Amino acid sequence: MPQPIVPLNSRLEAIGANQDPALSGRWLALISGRGGREQVLLLDLERQQPIDLPGLNRADAQPVSVSVDAAGERIALVRQLEGRTELVLYRRSVQSLQPIPMVPSGVARQVQLQADGRQLAVQVSRGGIWQVDLVQIP
């Protein structure tokens with residue numbers, strides 16, 4: 001019978017409102033309504049603690065969808081920034097954020113990163129039609 005993980009669930013509840021969970025290996029990425037605004041959180045489930053993500057969360061950006069690879073190294077994020085939606089890839093080891101262009105252009109809505117971090121699937125709207133694009137990550 002499936003059992004809730006009560007201690008960890010209690011910690012998540014204490015953080016605030018949470019949404020869009022992405023579970024991969026020992027990592028849980030989610031969007032949390034913390035401190036009066038939404039931001040991406042990464043939790044190490046083995047240690048049951050949050051991981052710092054310098055340079056990922058911006059006060060003027062609204063996260064929409066997040067995904068993490070099994071190593072906890074790469075985080076794919078759809079966010080709204082300055083009235084536009086963008087898809088970005090964050091690499092924890094170098095604390096860098098790389099925009100991923102949509103070709104042809106479209107509005108990204110949801111993202112899922114492959115476990116090895118080498119490919120992602122993104123739901124994108126083009127001309128009012130929802131499609132799924134696969135993107136190779138070097």
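# Salt bridges, cores and a sheet

Visitor: How many salt bridges does a search of the whole structure find?
Guide: The search finds 7 salt bridges. Keep in mind that this is a predicted model.

Visitor: OK. Which residue meets aspartate 44 in a salt bridge?
Guide: Arginine 26 does, side chain to side chain, at 2.3 Å from N to O. Aspartate 44 is in strand β3 and arginine 26 is in the loop between β1 (17-24) and β2, so the pair ties together parts that are 18 residues apart in sequence.

Visitor: Is aspartate 44 buried or exposed?
Guide: Aspartate 44 is buried, because its relative accessible area is 1%, and buried means under 20%. Arginine 26 has a relative accessible area of 26%, so it counts as partly exposed.

Visitor: Moving on. Where is arginine 79?
Guide: Arginine 79 sits in strand β6.

Visitor: And is arginine 79 buried or exposed?
Guide: Buried, because its relative accessible area is 4%.

Visitor: What does the side chain of arginine 79 meet in a salt bridge?
Guide: The side chain of glutamate 86, at 2.6 Å from N to O. Glutamate 86 is buried, as arginine 79 is. The relative accessibility of glutamate 86 is 14%, so it falls in that class.

Visitor: Which backbone oxygen lies 3.4 Å from a polar atom of that arginine 79 side chain?
Guide: The backbone oxygen of leucine 56.

Visitor: What else is arginine 79 in contact with, leaving aside neighbours within four places in sequence?
Guide: Among its contacts are Arg58, Ala61, Gln62, Pro63, Val64, Val88 and Leu97. Arg84 and Thr85 are on that list too.

Visitor: Over how many bridges do β7 and β8 pair?
Guide: Over 4 bridges, in the antiparallel sense. One example of a bridge pair is leucine 89 with glutamine 98, which is in β8.

Visitor: Last topic. How many residues does the largest nonpolar core have?
Guide: The largest nonpolar core has 15 residues. Those with the most contacts inside it are Leu42, Leu53, Leu56, Val66 and Ile75. At least two core residues come from each of β2 (27-34), β3 (37-44), β5 (61-68), β6 (74-81) and β7 (84-91). β2 gives the largest share, 3 residues.

Visitor: What does valine 66 touch, not counting residues up to four places away in sequence?
Guide: The list includes Asp20, Ala22, Ala29, Leu30 and Ile31. Val40, Ile75, Ala76, Leu77 and Val111 are also on it.

Visitor: Which residues does the second, separate core include?
Guide: That core has 14 residues, among them Ala108, Leu113, Val135 and Ile137.

Terms used: Residues numbered from 1 in each chain as written. Predicted model: local features only at pLDDT ≥ 70, side-chain atom pairs only at ≥ 80, totals over all residues. Heavy atoms only, no water. Core = buried A, V, L, I, M, F, W, Y, C linked by side-chain atoms within 4.5 Å. Buried < 20%, exposed > 50% of the residue type's maximum accessible area, 1.4 Å probe, protein only. Contact = heavy atoms within 4.5 Å. Polar contact = N/O pair within 3.5 Å; in protein donor to acceptor, adjacent residues only side chain to side chain. Pairing = 2+ DSSP bridges. Salt bridge = Lys/Arg side-chain N within 4 Å of Asp/Glu carboxyl O.
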